[in-house]
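Have a look at the sequence and the model first, and then we can go through some questions together.

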Amino acid sequence: KVIEQTIADFINQCQKNGAHYAGYLVTRASKEITTEEQYREFGAPSDEFVFQHTSLQNFPHICGVEPMFDLVAEWAKKYPKVVKGISWWSEGAKPNLKEAKEGWGKDLCLMSGIDHTNTLVTGSQADIEAEIKRACEVAMPGSGLILAPGCEIAPHTPVENMKAGLRAARKYGKY
């Protein structure tokens, strides 16, 4: 309860100080880590406490290769002013970006599309551009895409690769 309240208080203070978005990590909501029943019993109540006690827009971020999209879609319906979409590693997880767009794209804004572990770190600038172009082609129709790395950008990511990603996003990511 103390941790739940501390997280909610922190998010609320961020909002008071001008934040427009909270990236709340619901890392255990992935099927290779817990079953859905285990997560609903042990993890979801704490995550729901945070959604109930904050009003800052949130895209729950799920680490792992089998994120529980259905659960986040439920939260989006239950807490529509707070849970706006989902953030996950679309290039290394199931569902991938195309599957997520087809399955949940009407209910959730998708925040992903850039492989932060491979392409962005070791790919060529042409590889990065091709990946971003493909992500935009797959997930932009009908809107609902925030092009982003699946997780954080590694500290050893070459600056030139990050710049290539920005150029590609500006080139292909316009509606």
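**Salt bridges and strands**

K1 and E4 form a salt bridge whose closest N and O atoms are 3.4 Å apart; the term means a side-chain nitrogen of Lys or Arg within 4 Å of a carboxyl oxygen of Asp or Glu. This is a predicted model, where local features need pLDDT of at least 70 and side-chain atom pairs count only at pLDDT 80 or more, while totals for chains, interfaces and linings use all residues. Residues are numbered from 1 along each chain as its sequence is written, and side-chain values use heavy atoms, with hydrogens and water left out.

Q: Is E4 buried or exposed?
A: Buried means under 20% relative accessible area, exposed over 50%, and partly exposed in between (1.4 Å probe, protein chains only). K1, its salt-bridge partner, counts as exposed at 74% relative accessibility. E4 has a relative accessible area of 9%, so E4 is buried.

Q: How many residues apart in sequence are the parts that K171 and E129 tie together?
A: The side chains of K171 and E129 meet in a salt bridge, 3.0 Å from N to O. K171 belongs to helix α8 and E129 to helix α7 (residues 125-139), so the parts they tie together are apart in sequence by 42 residues. Helices here are DSSP runs (H or I, at least four residues), as are strands (E, at least two), numbered from the N terminus.

Q: About how many helical turns separate E137 and K133?
A: These two also form a salt bridge, with the closest N and O atoms of E137 and K133 3.9 Å apart. E137 is exposed, with a relative accessible area of 52%, and K133 counts as partly exposed at 34%. Both sit in helix α7, four residues apart, so the separation is about one helical turn.

Q: Which residue in β4 is the bridge partner of L110?
A: Strands pair if DSSP finds at least two bridges between them. β3 and strand β4 (residues 145-149) pair in the parallel sense over five bridges. In β4, L110 has as its bridge partner L145.

Q: How many of the six residues of strand β3 are buried?
A: Strand β3 covers residues 109-114, and three bridges join it to the parallel strand β2 (residues 85-88). G85 is the residue opposite C109 in β3. Strand β3 is largely enclosed by the rest of the structure, because the number of its six residues that are buried is six.
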